[in-house]
Amino acid sequence: MADQGVAALTNIAVVVCAARQSTADDFASFAVVYTVFTLLLGAAGAYVGQALVLRRGTDRQLHRHARASALFTLGASAAVGAVLALLALAVSRDGIPAGLTALGLVLPIVLTQDTLRYAFSLLGKPHLALIGDLLRLAVAVPLLASQPYGTGADRMILVWGLSALPALLLTAALLAYLTRGAPGARPLKLLDRRHLGRRFVLEFGVGNAASQVAIILLGVLASPLAVGALRGASTLFGPMNVLFNSATGFGPPLLHRAPGAHRQARAAVLAGAALAATAAVWAAVLLVLPDAAGRALLGDTWTVARDLLTATGSQYAFMAFGTCGLLLLRVLSPRATLPVQVVFSALSVVCLLVGYALGGITGAAWGLCLGSAAKAGAVWLRGSVELRVAHRV
């Protein structure tokens, strides 16, 4: 959780520094490029990282998998970055294309450094990931803050990407030391058709696409105010997203330590209950937040977002159980999660739009809550089936 918190703080600090040192137009270009990076980061995390933390075997086998994943990310991100840079360079040398060119150049650094976080999770050394992310934060913020006002998006992206180089070199050296003597890594094995990352990146695409489609439809067919209110309310629950990401990235190796499927299920239930209770407490804190503090956080959006806190807090409580249910399901039967993700991501869009039609912005928030509740129920129902199968085996 500390590592995910530092990573989230770094992302926030990067955006704040870029906004302070850039003109409005340059920051708009930076924001677009950073959004592209966020999508690539999510896809890489799904394809490489989430599949990596499910690996099991002897220490030598785990060492080989960790090395192979790091090498694969380095090579694949270099290839993707080169294509991105060349395409953007062919379009223009200014604005967003220039920023995308810079992103292509630094993509191997930032994506490989992120993959090493999953490698340390697999090896039971999450404190080494924390050390790397603390170094990245310590280097990135001063470098970005020292840029002169009016710095273009391309230079800002280059400085941001290169600031991760010391953390990459340190964590790569730590991984090499930990895995010394491991048999030869085979990064091309990650291109195998049976690699779980193929399913996980599809889940990421479906889930991400569903949420974006829902927001677009709400803004186009309904009201931009509704979009702002929902975004504002969900932003206030950002700390919960840090905890959910911690469970996804670091949870599987911890669950694997529990002997037997039923003990793993019990641990997942307890984790879900703890996260749900945390969401409820956080919602209660936000509900009693003074208006002055709320306006300092969200400005005028606070007025409408405040009315959604009960619904959004309930949604995050259900999301807590759903996240831990997916965590258990991935440990028991990793290939079982894709159908649930596809069906219930689509259902969440329907619930959102129907909720808005019936009850306006508040109805939309409760619609999202209903979609999250249905997904959590389906995940645990499928998990119970897998538990019965494991018991018979």
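With which residue does Asp133 form a salt bridge? The partner of Asp133 is Arg117, and their closest N and O atoms are 2.9 Å apart. The structure is a predicted model, and a search of the whole structure finds seven salt bridges.

**Gln113**
- Gln113 belongs to helix H4 (residues 95–122).
- Gln113 has a relative accessible area of 4% and is therefore buried, the cut-off being under 20%.
- Beyond its neighbours within four places in sequence, Gln113 contacts Gly132, Asp133, Arg136, Ala164, Ala167 and Leu168.

**Arg330 and Glu203**
- A salt bridge forms between the side chains of Arg330 and Glu203, at 2.9 Å from N to O.
- Because Arg330 lies in helix H14 (residues 309–332) and Glu203 in helix H8 (residues 197–222), the pair ties together parts that are 127 residues apart in sequence.
- Arg330 and Glu203 are both buried.

**Asp291 and Arg306**
- The side chains of Asp291 and Arg306 form a salt bridge at 2.6 Å, N to O.
- Asp291 is in helix H12 (residues 291–298), and Arg306 is in the loop between helix H13 (301–305) and H14, 15 residues apart.
- Asp291 is partly exposed at 40% relative accessibility, and Arg306 is partly exposed with a relative accessible area of 28%.

How values were computed:
Residues are numbered from 1 along each chain as its sequence is written. This is a predicted model: local features need pLDDT of at least 70, side-chain atom pairs count only at pLDDT 80 or more; totals for chains, interfaces and linings use all residues. Side-chain values use heavy atoms; hydrogens and water are left out. Helices (H or I, at least four residues) and strands (E, at least two) are DSSP runs, numbered from the N terminus. Buried means under 20% relative accessible area, exposed over 50%, partly exposed in between (1.4 Å probe, protein chains only). Contact means heavy atoms within 4.5 Å. A salt bridge is a side-chain nitrogen of Lys or Arg within 4 Å of a carboxyl oxygen of Asp or Glu.
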